[in-house]
Amino acid sequence: MKRIVSLCLLIACLLALAGCGIAFAEQIFQNTGEQPGASATKTADNSATPSNATESAKAQETPEPAKILLQYTIETIDESDDYTTKEASYPVTGVSTIDEDALELVHNAFADFDDIEEIFSDQKNYVGVDFDVERNDEIFAVVYQISSYYSGAAHGTTMNVAKVYTSPDGARVELGDLFANPDYVLRLSQLAEEKLRTLDIDVPQDKTYLDEDIWFYEGVAPDEVNFSQFVPTETGLQFIFSDYQVAPFAVGEVRLTIPWEDIEDIMKPEWIDKVSASDQVVL
């Protein structure tokens, strides 16, 4: 019996000691606001090494605003008839000027074949419109490819039409808007002629781009129409020349890029940074 009583007293003492320990720990937690064992972890986390201090400073910096991206969907049209295949795809942005221009371009391309009611070979007439969005930030630039074929012809042709807008408002940008010097077309003509000389194009050996009796001269002559198809790229002002404009048909599409540094002295200051942005995004 004495053993049983002694054992009960020992158990009671152990339980009392355990209860005191728990109460003591709770008192510490109430006074410090920390759980036991958390102090060492917190001290380790707050050690201000140079690397952590730099990262903390970066985190507190104001993030750069995200570049504007104009969202768009792709609309398709098929108005084929017995004589002509007519098909097109174009972007729909929700911006009235961009969408109206796209639809007008498609309708005009189709209209050129509206009155054709003959087929002169086993192939029907054909007109098709496709597009590439080539820039999508502060500038929205889309290049349409209008492909056409007349039944019986040796081959079809492709014409490129570039449309440039400010984003997101959709204001149209014309070539002349970029320049302060009224003689900008002459400068562009001279630079384009120099660029063409460096391309691998089969030019008659006894002719140059300055000979007026071949189409090469006409294609880069100082006429704004020759430079109407353009895209402001990261590196420079790119011009797109369609079939036959500056080279034989076999050469195909020709693109020339004039570096911004070659023309910034004749540009309007407000346009230099806008069109030469280095972080373009294309969707």
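**Close-up views of a predicted model**

**View 1. Three strands, in the order β6-β7-β8, make up an open sheet with antiparallel pairing.** Two strands count as paired if DSSP finds at least two bridges between them. Strands (E, at least two residues) and helices (H or I, at least four) are DSSP runs, numbered from the N terminus. This is a predicted model, in which local features need pLDDT of at least 70 and side-chain atom pairs count only at pLDDT 80 or more, while totals for chains, interfaces and linings use all residues. Residues are numbered from 1 along each chain as its sequence is written, and side-chain values use heavy atoms, leaving out hydrogens and water.

**View 2. β7 and β8 run antiparallel and are joined by six bridges.** Gly 236 stands opposite Pro 259 in β8. Helix α5 packs on the sheet and touches β7 and β8 (contact: heavy atoms within 4.5 Å).

**View 3. The largest nonpolar core has 34 residues.** Such a core is a set of buried Ala, Val, Leu, Ile, Met, Phe, Trp, Tyr and Cys residues joined through side-chain atoms within 4.5 Å; buried means under 20% relative accessible area (1.4 Å probe, protein chains only). Leu 175, Phe 179 and Leu 188 are among the residues with the most contacts inside this core. Helix α5 (184–197) is one of the elements that supply at least two residues each, and α5 gives the most, with six.

**View 4. Leu 188 and its contacts.** Neighbours within four places in sequence aside, Leu 188 is in contact with Leu 175, Phe 179, Phe 227, Phe 239, Ile 258 and Ile 263.

Technical notes. Buried < 20%, exposed > 50% of the residue type's maximum accessible area, 1.4 Å probe, protein only. Axes fitted to C-alpha atoms, helices over the stretch in contact; angles between N-to-C directions.
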